[in-house]
Amino acid sequence: MNRVKILCLFVMFVGFILAKPVPQVIAQQAVDFERDIRPLLHARCSECHGANKQMAGLRFDKKASALRVIVPGKSSESELHRRLISTDKAEMMPPTGERLSPREIALLKAWIDAGAIWPETETTIAEAKRADKLWWSLQPLKQPVIPSVQNAKSDIQNPIDRFILAKLAEHNLQPSPPADRRTLIRRVSYDVTGLPPTPEEVEAFVNDNAPNAYEKVVDRLLSSPRYGEQWGRHWLDVARFGESKGFEQNHILNNLWQFRDYVIQSFNADKPFNRFIVEQLAGDVVGRGNPAVEVGTAFLVCGPYDSVGNQDEVQQKIIRANTLDDLVTATSNAFMGLTVNCARCHHHKFDPIPTEDYYRMRAAFEGVIHGERALATQAEKQRYAEKTRPLEARRNELTKEKAALEKSIAERAKEKAAQVTHYPLPKITRHFNEHRFAPTPARYLKFKMLAHADNPKSAVNARVDEFEVWTRTRNIALASNGAKATGATTRKAEDFASANAYGVELVNDGKFGERWFVAAPAELTIEFRRTETVERIVFSHDRTAAPDTIVTGIGPFVTEYQILVSLDGKKWKAIADSTARPPYNEAHLIERFAPSVMSAEEQQKRASLEVELTNINRELKAIPALPIVWAGRFEQPKETTYVHKGGDPQRRGADVHPSSLAVLDGALKSFELPADAPESERRLALANWIASDENPLTARVLANRIWHYHFGTGIVDTPSDFGFLGGKPSHPELLDWLARRLQTYGWQLKPLHREILLSRTYQQSSAHREEAAKLDGSTRLLWRFPPRRLGAEEIRDTILSVTGKLNLQMGGPSFRLYRYLEDNVATYVPLDQHGAETYRRAVYHQNARSSLIDGLTDFDLPDNAGAAPRRISTTSPLQALTLLNHQFTLDMAEALAARVKQEAPRNEAAQVHRAFALTFQRQPTREEETTALQLIAKHGWRAFCRALLNANELLYVN
């Protein structure tokens, strides 16, 4: 059979599998009246149909008036929609000026078809421009009355169901029937653990007739260590966790994985979340000496960090301001759903947050320094000190003794140097250096470098941009003249097109600007095409710079050297050296003249001290170091925090103290510390204030996040913004009930998970119903369970799980799906081959900022340059191409084939059944079995398994 026919058959089977109905994740774009419709009506309609003018007696800032031209649920019958799309000049709206865009018309159509939901309020469009302190999310938590459900079965006891049913009834909607057991266990397994259930777990649940069968599944999953990996990953999204610094250099962070493990362990232990908050803001204070708690402060520094450095004082202040802005943003967004960061330059434009609130919060973080610190128990620190203290004491003694000897030698060296009154050559420069000597025959010339500008004792790490060797008329060192340069290089640029970006080849290419990075031994050898008579050399570090120009950032230049020649490359003759020039500086002077003033006894003493110091340093290095973690350092602030007018650190405003935010004055007890309050007290006071039971935002935001991850959309659909520009709660009473419930459970999440998972709302079918979708196309009211596609990590974990390759090792250093290259800046090159060492859960992948990861980035793994409280879900051709053709998929297809053959060895039909059970948690239909066997007969097991791993049924959860 030719290749075309083979490909066609494969595509037919893939098409058959892919043709399984894709769950309708979003039937249409979710439209929110306050976010989408009210501003649109105000911007495009109120001029003619608003408070000041009512053409045709119609107002679009009043619900009753607007509904004269709107038929809820029927855009096709609504006069408003008809006029918006009309091309008849006599009736089209607006009659003049710019027409509404297709997107604006689509928003209005979707809103009308969804029931034209218009919250009952007396506020007009013109008035609804910003929130005040009466904004709903800033009010104390209410004690909602659990609604009674009329005409419903009396056995509905779960308050969650009663709130949902009451809202459905308001919109003439009915819930969906329960999901079948196979669907339900698959749904809850992914939700709680991020992994599919095994075929055996599915069958056990399907066949369990006990009334608490589902409860047992839920309890088993919540107690699984896989729970912490799944829900810890959610929190890492919110915490903007990334294992590289970001910005221009984006260097990798190899000691931040401990925070990831801390998060996973905290979720598995069901640590009270108010305690979890405090540990992340002040773990070093409440858990001093306990590394398992102190590591929580990595939350503060796990975001992007500009470590490039800047010598300009103004820029330094701006960079520092930006660094602290990340802390204010992360803390206020993650824990309270407030965009306090929007008040950095002025009062918040939409929420009642004064700019002083921004700097009150910043004052709490003023002493936070990005960096690493040792995390160990007091006993560990003591044992380490007992081992190192004697060695360090001895090293200090020897260092002092050596310094005294060096001082004596230096004084005599300077006296000796003062006796030299003339040098035949000028002082060394970075720009241009020429050294002439008697004409000498040579086939080889060696330039032995002894020191550079930053180190009088060694030339390693010096830079040379060009080196010339001249006869009377020609530069014979040029590669173009047949010469060959050899020498060791300290640096290799693997991310450059040329790996020799810093190589020795640069010294004789006839070009200036690119430099050789000198390694040990610090020697440059030039081999000429033939023996020549040489009489001078010329070398430079920055030939194109003007004389005496100081250029920073391009490394040190050679300051001491020796020139040797050879006819055979074996026997060398010294012909000149740098003693013909004045020493570069005092340190170089001392190093040059010291040997001539030292006695034999001093030379021996000096050598002995250096040997002993080397040995002590070796012993110290051999002692296992205390664990060093990128968890931040803390210093007492040097100045009082002040308002930056317009966000500019140079424009000083009023001083502010570390204190609670005025936006919540009246909602809970405030605090204010003195301007010079100890650094640790600042963070602890803020942490306790945020984690207080009285804080109405914290519990609401957390309860909403839990709901968001269970149902795909939160009760507030902007999980980190509970302000005016955020979404409005679809079920406000339920949100407050959940928040109160969370507090009742002592801020532990698992009991609240359990209550949600056991609700009928959660257990209902995800089947699409056309009539219900017309009223609530986005499923915000939960008339069915909202289906979803698996997340990036879940897809990879699933493929590894069903093929039997998933390594469930927990914790420890992260693995990488890229090759890491560092040359001042970091480069992340995706791996084409994913080895067995990468077959761990994706939460343990070292997710660097701005890195592209095959199979993860394609499926919307968020860029951790910032927080990702709500992941997007896109559909692109690249997803299909990657999943079908990447070597990882091909390897896993082979692994799945091997697994089913081993686990169902009887015959191919049984193996097909096993493959379906592993991937889809069900048995194939007769048609599927027949098609599968035909494909296997013609093209083998890998093609069949490859199709299964690309199926919609694998990638979606109903």
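Is Ile-112 buried or exposed? Ile-112 is buried, with a relative accessible area of 0%. Buried here means under 20% relative accessible area, exposed means over 50%, and partly exposed lies in between (1.4 Å probe, protein chains only). The model is predicted: local features need pLDDT of at least 70, side-chain atom pairs count only at pLDDT 80 or more, and totals for chains, interfaces and linings use all residues. Residues are numbered from 1 along each chain as its sequence is written, and side-chain values use heavy atoms, with hydrogens and water left out.

Ile-112 sits in helix α5 (residues 102-113). Helices (H or I, at least four residues) and strands (E, at least two) are DSSP runs, numbered from the N terminus. Contact means heavy atoms within 4.5 Å. The C-alpha atom of Ile-112 is separated by 9.8 Å from that of Val-31, 81 residues apart along the chain.

Helix α5 itself has 12 residues. From first C-alpha to last, α5 reaches 16 Å, close to the expected 16 Å at 1.5 Å a residue. The expected span is 1.5 Å times one less than the number of residues in the helix. The buried residues of α5 are Glu-104, Ile-105, Leu-107, Leu-108, Ala-110, Trp-111, Ile-112 and Asp-113. Just after α5, Gly-115 takes a positive phi of about 110 degrees. A cis peptide bond joins Met-93 to Pro-94, with omega about -10 degrees.

Helix α10 (residues 225-238) has 14 residues. Its reach from first C-alpha to last is 21 Å, close to the 20 Å expected at 1.5 Å a residue. Of the 14 residues of α10, 13 are buried, so the helix is largely enclosed by the rest of the structure. At the start of α10, a side-chain oxygen of Ser-224 comes within 3.0 Å of the backbone nitrogen of Arg-226. Arg-240 follows α10 and has a positive phi, near 50 degrees.

Most residues other than glycine have a negative phi, and most peptide bonds are trans. Asn-461 has a positive phi, near 85 degrees. Asn-461 lies in the loop between β3 (433-452) and β4 (463-464). At a relative accessible area of 34%, Asn-461 is partly exposed. Phi of Trp-747 is also positive, near 65 degrees. Trp-747 lies in the loop between α22 (732-744) and α23 (749-757). Trp-747 is buried, with a relative accessible area of 2%. The peptide bond from Ala-520 to Pro-521 is cis, with omega near -5 degrees. Pro-521 is found in the loop between β7 (516-517) and β8 (523-540).

Helix α22 also packs against helix α21 (residues 696-711). Their axes are 8 Å apart, at an angle of about 105 degrees. Axes are lines fitted to C-alpha atoms, for helices over the stretch in contact, and angles run from 0 to 180 degrees between N-to-C directions. The two helices are therefore roughly perpendicular. Angles of 65 to 115 degrees count as roughly perpendicular, under 35 as roughly parallel, over 145 as roughly antiparallel, and the rest as oblique. From α21, Ala-699, Arg-700, Leu-702, Ala-703, Asn-704 and Trp-707 take part. They meet Leu-734, Leu-735, Asp-736, Leu-738, Ala-739, Leu-742 and Gln-743 in α22.

Ser-578 is placed in the loop between β10 (573-577) and α18 (586-597). Ser-578 is buried, with a relative accessible area of 2%. A polar atom of its side chain lies 3.0 Å from the backbone nitrogen of Tyr-561. Not counting residues up to four places away in sequence, Ser-578 touches Thr-559, Glu-560, Tyr-561 and Arg-592.

A search of the whole structure finds zero disulfides (pairs of cysteine sulfur atoms within 2.5 Å). Cys-48 is in no disulfide, and the nearest cysteine sulfur, that of Cys-45, is 8.8 Å away. Cys-48 counts as partly exposed, at 29% relative accessibility. Cys-945 is buried, with a relative accessible area of 0%.

Methods:
Polar contact = N/O pair within 3.5 Å; in protein donor to acceptor, adjacent residues only side chain to side chain.
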